[in-house]
Amino acid sequence: FWLKPFWLKPFASALGSGSFDCPAHVRTCRADTMQSIEAAREAAKAKAKEQIEAQLGEQAPRSLKMMFPCCGGPVKTMETCMCAVPADQQDQVKKAIEKYKNV
């Protein structure tokens, strides 16, 4: 065909190289990156909370372990029943609870 579509040249070069430099694609790529970073951050927070719950579950006296389902897990149980925690462990438990709340 003798008439060449001159208006397709910029699009053909962009499509052929596989890279899109238009602002709309750059914005969506940045948004996807930010969403993946936020998802990774939330996953790290969840993992940290699980570790603290496991730590408090191991440190809890036997009499408190029975109350975990009633009080909402090891953290809330230990916070509510701090008087049942041995005196030498209370500082560690308080620090772990604060860390749990700040995460």
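The following conversation walks through the structure shown above.

Visitor: What kind of model is this, and how are its residues numbered?
Guide: This is a predicted model, in which local features need pLDDT of at least 70, side-chain atom pairs count only at pLDDT 80 or more, and totals for chains, interfaces and linings use all residues. Residues are numbered from 1 along each chain as its sequence is written, and side-chain values use heavy atoms, with hydrogens and water left out.

Visitor: How many helices and strands are there?
Guide: The chain has six helices and zero strands. Helices (H or I, at least four residues) and strands (E, at least two) are DSSP runs, numbered from the N terminus. Read from that end, the order of elements is α-α-α-α-α-α.

Visitor: What share of the chain is buried?
Guide: Of the 103 residues in the chain, 18% are buried. Buried means under 20% relative accessible area, exposed means over 50%, and partly exposed lies in between (1.4 Å probe, protein chains only).

Visitor: Which residues touch the most others in the largest nonpolar core?
Guide: They are Leu56, Met78, Val85, Val93 and Ile97, in a core of 14 residues. A nonpolar core is a set of buried Ala, Val, Leu, Ile, Met, Phe, Trp, Tyr and Cys residues joined through side-chain atoms within 4.5 Å. Helix 2, helix 5 and helix 6 each contribute at least two residues to this core. The largest share, four residues, belongs to helix 6. In soluble globular proteins, nonpolar side chains tend to be buried together.

Visitor: And what does valine 93 touch?
Guide: Setting aside residues up to four places away in sequence, valine 93 touches Leu56, Gln59, Met78, Met82 and Val85. Contact here means heavy atoms within 4.5 Å.

Visitor: Let us turn to helix 5. Is threonine 77 buried or exposed?
Guide: Threonine 77, which lies in helix 5, is buried because its relative accessibility is 0%. Beyond its neighbours within four places in sequence, threonine 77 contacts Leu64, Met67, Phe68 and Cys71.

Visitor: What about proline 74: buried or exposed?
Guide: Proline 74 also lies in helix 5 and is buried, at a relative accessible area of 14%. With neighbours within four places left out, its contacts are Glu53, Leu56, Gly57 and Phe68. Proline 74 and glycine 57 are 17 residues apart in sequence, yet their C-alpha atoms are 5.5 Å apart in space.

Visitor: New topic. How many salt bridges does the structure hold?
Guide: The structure holds three salt bridges. A salt bridge is a side-chain nitrogen of Lys or Arg within 4 Å of a carboxyl oxygen of Asp or Glu.

Visitor: Which one involves arginine 41?
Guide: Arginine 41 pairs with glutamate 38, at 3.1 Å from N to O. Both residues lie in helix 2 (residues 23-59), three residues apart, about one turn of the helix. Arginine 41 is partly exposed at 43%, and glutamate 38 is partly exposed at 36%.

Visitor: What is the partner of glutamate 42?
Guide: Glutamate 42 forms a salt bridge with lysine 45, and the closest N and O atoms are 4.0 Å apart. These two residues are about one helical turn apart because they stand three residues apart in helix 2.

Visitor: And what does lysine 101 pair with?
Guide: Lysine 101 forms a salt bridge with glutamate 79, the closest N and O atoms being 2.5 Å apart. Lysine 101 is in helix 6 (residues 90-102) and glutamate 79 is in helix 5 (residues 74-80), so the pair ties together parts that are 22 residues apart in sequence.

Visitor: How many disulfides are there?
Guide: A search of the whole structure finds zero disulfides. A disulfide is a pair of cysteine sulfur atoms within 2.5 Å.

Visitor: Last one: what lies over the face of tyrosine 100?
Guide: Lysine 49 lies there, at 5.2 Å from the ring centre. A charge sits over a ring if NZ of Lys or CZ of Arg is within 6 Å of the ring centre and within 35 degrees of the ring normal.
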